[in-house]
Amino acid sequence: MDVLLQPVSILSGIGPQSVIRLEKLGIQSIKDLLFHLPHRYEDRTKIHPIASLAPNTSVLFCGTVDFTEVLMTGRRSLICRISDHTGDITLKFFHFTAKQKSELSPGTLLSCFGDIRYGYQGREIVHPEYKIISSTDNITEPCLTPIYPLTDGLRQGTVRKAMTQALSLYLQNIDQLRDLLPQQILEQYHYPSLSNALQALHQPEQQSTQQLQQGNLAALKRLAFEELLAHHLILLKNKQAVKKWQAPTLSSTKKQSKQFLNSLPFKLTNAQNRVIDEIIIDCQSNHPMLRLVQGDVGSGKTVVAAYAALLALSSGYQVAIMAPTELLAEQHNRNFKQWFKDSNTHIAYLTGQLKGKARKVTLSTIEDGSAGIIIGTHALFQESVNFNQLGLIIIDEQHRFGVHQRLALREKGQTANSRPHQLVMTATPIPRTLAMLQYSDLDISIIDELPPGRKPVTTCVIPAERREQIIEKINNWTANNNQTYWVCTLIEESEVLQCEAAENTAELLTQALPNVRVALVHGRMKAAEKDSIMQGFKNHDYDLLVATTVIEVGVDVPNASLMIIENPERLGLSQLHQLRGRVGRGDQESYCLLMYQTPLSNMGKHRLSILRESNDGFVIAEKDLELRGPGDVMGTRQTGLMQLKIANLERDIQLIDQVQDAATLICEQYSNAIQPIIDRWLGQTTLYSEV
Ligand code: ADP
Ligand code: MG
């Protein structure tokens, strides 16, 4: 057996307790340990003169004790003043022993390490690490001290000692941990070999201090690169694997297409036609389509999906359309009924609301194939749902669903060697860089054009002090027969509080605006209740809809042309853009008022001004990425998919272009390296393997 695959327990200093603690960090073998990288470094390479110690730094220094005393005022503490020939500093201990007090007697020479800060008596250091020394010789370390991520009970010293042994075993058995990156790639990007990289990170050289602290060392970049490459490769590999499955070929006749297009109340845009052409080609193939359609809010994705549905129906297959909310499912249901009314297609509508006999009947139409189109929420992939001949799955606002929900639906339509085609749609534009890491298993189509006649929404950034004026504006708006949204945003992540805020606001606005018919919709209402209110708003039974962010997705009320968003500074730009997409759907001028709480930071102002200046979801998403970083932009739901060990998207985003180029090269010329790279970084992860 390879030495490096042996358990860490063979290393001296690693007992059964440490084995358990290391396992919590995912470390079992020596090889695992080698990939456990420091998350920061401490500099103990130099002794700093006391006068030079700046607050908020961690440094090594030496000094002689001037005096030590116990302070009884305030919190009982032990104070020890030490000095060298340049100056003095106070060491402070809140927990201390009598022995400590006596050993810190005047004249004792100490070496100390810790975080310097300003206290009442000038510079001080609380609970420093210290050692009593006889001379200042030999107390520095030859290189930066790595600080490793730990778990409860595991000590830095234990990990460091084990690491030293692991590294020396590695250097004696270098072939057992092969460099998986082709030489060509290492040379192209000036990356060190794997062994040099690991050594440079575990036992850094003094001259690399600055680059290490900035996360900019070639060794670190190389490992981050390799990790990101592994994530990209597995998606590419999955894509190839999916393409090996069979799928029904779907197409429609000229006559059927014509009839469908004629039934639409509008002409398709060029962008819609282009995406439809891409879908037609995919569906003609006898391998499954796996296509993501990205398009800004209001770009008309639904009708593109309907065209895809037409292909399946024309070929005698069923189509399932899954939407994240009942509201949206209901809206699709209405649209599809309209668009397919001439073709005598039966449309089944299935949500969690449907109960009892009606549900049984609907389920049987799905099972016996009499329903051609099946529209619903995640209720679609429940066990009781059996499709007859599922040829196409359409998932709207896919970012709202977890991977597992997507998979569950696909498995429904799967036979021994055939799978349905899949079309997923999203209005959340994904910056190109992130799309590469999240969606490279999908083919991507972009609808980059809005239907004609849309006027861009005019966005204004307004302080909350002008609330009265804004409320007055609603009055005028209503008098002109136009409708308004008032959006209350998230307060402290709590849905309860958010709904409460919306209730209070609705109450206040009802009182302030006696001539305005106010309705309220929020996430804690029953779906049926929400639907009926939304429907009422659409029918213009109400003039003003107070809502939480539940209206973010997909709702279409063309006559609503004013939106007020309270506390927009709390939301991401892309989310605000989505909300704003609810207005500007008709032919009148539309406005979005971002009513922020003062004071607002410069950054906050800058962010909101981006929204004022751009109506392009892709531009906004790129800016959002720039300002907030990938973690926030992707949201926890999506970052959770990618558990990165070494790479840090905030820091390493510029590696992504390299990763993409390298992946192409590897797929073309070094395909033997693909699986080993995936195995090294993703190991037993099943997360992606089934996607
Ligand atoms: P989204 O891409 O946000 O899902 P929808 O599919 O809901 O957008 O379309 C928004 C609105 O635009 C709908 O009322 C839809 O009927 C209309 N629409 C879609 N395509 C066109 C078009 N080519 N011309 C005019 N209106 C269109
Ligand atoms: Mg939509």
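The shell around ligand 1 divides into four nonpolar, six polar and six charged residues. Here Ala, Val, Leu, Ile, Met, Phe, Trp, Tyr, Cys and Pro count as nonpolar, Asp, Glu, Lys and Arg as charged, and the others, Gly among them, as polar. This is a predicted model, in which local features need pLDDT of at least 70, side-chain atom pairs count only at pLDDT 80 or more, and totals for chains, interfaces and linings use all residues. Residues are numbered from 1 along each chain as its sequence is written, chains are lettered from A and ligands numbered from 1 in the order in which they are written, and side-chain values use heavy atoms, with hydrogens and water left out.

In total, 16 residues surround ligand 1, each with a heavy atom within 4 Å of it. The closest are Gly-298, Lys-301, Thr-302, Arg-454 and Asp-556. A polar side-chain atom of Lys-301 sits 2.7 Å from a ligand 1 oxygen. Gln-272 places a polar side-chain atom 2.9 Å from a nitrogen atom of ligand 1. Gly-300 uses a backbone N or O atom, 3.1 Å from an oxygen of ligand 1. Taken alone, ligand 1 exposes 570 Å², and the protein buries 85% of that (Shrake-Rupley method, 1.4 Å probe).

Now the sheets. One is open, with seven strands in parallel pairing, ordered β12-β13-β11-β14-β15-β10-β16. Strands are DSSP runs of E, at least two residues, and helices are runs of H or I, at least four, numbered from the N terminus. Two strands pair if DSSP finds at least two bridges between them. Neighbouring strands are turned by 20° against each other on average, direction ignored; axes are lines fitted to C-alpha atoms, for helices over the stretch in contact, and angles run from 0 to 180 degrees between N-to-C directions.

Inside this sheet, β14 (390-395) and β15 (421-426) share four parallel bridges. Ile-395 has Val-424 of β15 as its bridge partner. Helix α13 (356-367) packs on the sheet, touching β11 (318-322), β12 and β13 (373-376), where contact means heavy atoms within 4.5 Å. The direction of α13 makes about 130° with that of β12.

Another open sheet has seven strands in mixed pairing, ordered β6-β7-β4-β3-β2-β5-β8. Its edge strands are β6 (117-119) and β8 (129-132). Strands β2 (58-71) and β3 (77-83) run antiparallel, joined by seven bridges. Thr-64 stands opposite Ser-83 in β3.

Note on methods. A polar contact is a pair of N or O atoms within 3.5 Å; within protein, one must be able to donate a hydrogen and the other to accept it, and residues adjacent in sequence count only if both atoms are side-chain atoms.
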